[in-house]
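Here is a short report on one protein model. Have the sequence and the 3D view open as you read.

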Amino acid sequence: MFKKTSNEIKHTAHSSYRCHYHIVFAPKYRRKEIYGQLKKDIGEILRKLCEQKGAEIIEAEACIDHIHMLISIPPYISITQFMGFLKGKSSLMIFDRHANLKYKYGSRNFWCRGYYVDTVGKNKKVIEEYIRKQLEEDYAKDQISIKEYMDPFTGNKNK
């Protein structure tokens, strides 16, 4: 099990984000392969691949027949792209380290097709605070050149 506590808001050059996903995926035919040395190697491989993409593993568990990961992925990478990269590259790396598995998994597809993903968390107060702060910063930096006299979302007039 890998556990890291990170609930902080991250930043890129032009955005702030906290994109956490719970991901579950399994070996082909749900084979009970993930134990011993293979479990250790899979953990190392997944950590290395996540680092390459700028993703942070917050918590992970390698069960005997599936993987659970709580992961923070930058907003410029879609979950589909990330999972394709993670499962594709890790399959190749697993077969390189454990050549004997190619007899069970002839086509070099270690993972089954598909995965489960769910978004994690919804913090309304933080989102509202960010929006309010962003508007104040825009006015302070004079990035908004035309003041809107009507709120486009509510239709109320601002004075």
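## Basis of the model

This is a predicted model; local features need pLDDT of at least 70, side-chain atom pairs count only at pLDDT 80 or more, and totals for chains, interfaces and linings use all residues. Residues are numbered from 1 along each chain as its sequence is written, and side-chain values use heavy atoms, with hydrogens and water left out.

Helices (H or I, at least four residues) and strands (E, at least two) are DSSP runs, numbered from the N terminus.

## Helix α2

α2 has 19 residues.

Several α2 residues are buried, among them F82, L86 and F95. Buried means under 20% relative accessible area, exposed over 50%, and partly exposed in between (1.4 Å probe, protein chains only). The buried residues of α2 pack against β4 (20-25), α1 (36-53), β6 (67-72) and β7.

## Nonpolar core

A nonpolar core is a set of buried Ala, Val, Leu, Ile, Met, Phe, Trp, Tyr and Cys residues joined through side-chain atoms within 4.5 Å. The largest one here has 30 residues. M69, I71 and F82 have the most contacts inside it. β4, α1, β5 (56-62), β6 and α2 each give two or more residues to this core. α2 gives the most, with seven residues.

Contact means heavy atoms within 4.5 Å.

## Loop residues

H98 sits in the loop between α2 (79-97) and β7 (116-119). H98 is buried, at 14% relative accessibility. Its side chain makes a polar contact of 2.6 Å with that of D41. Such a contact is a pair of N or O atoms within 3.5 Å; within protein, one must be able to donate a hydrogen and the other to accept it, and residues adjacent in sequence count only if both atoms are side-chain atoms. Beyond four places in sequence, H98 also contacts Q37 and L38.

K104 lies in the loop between α2 and β7 too. K104 is partly exposed, with a relative accessible area of 47%. Beyond four places in sequence, K104 touches R31 and E33.

A26 is in the loop between β4 and α1. A26 is buried, at 4%. The C-alpha atoms of A26 and C112 are 6.0 Å apart, though 86 residues separate them along the chain.

Technical notes. The expected span of a helix is 1.5 Å times one less than its number of residues.
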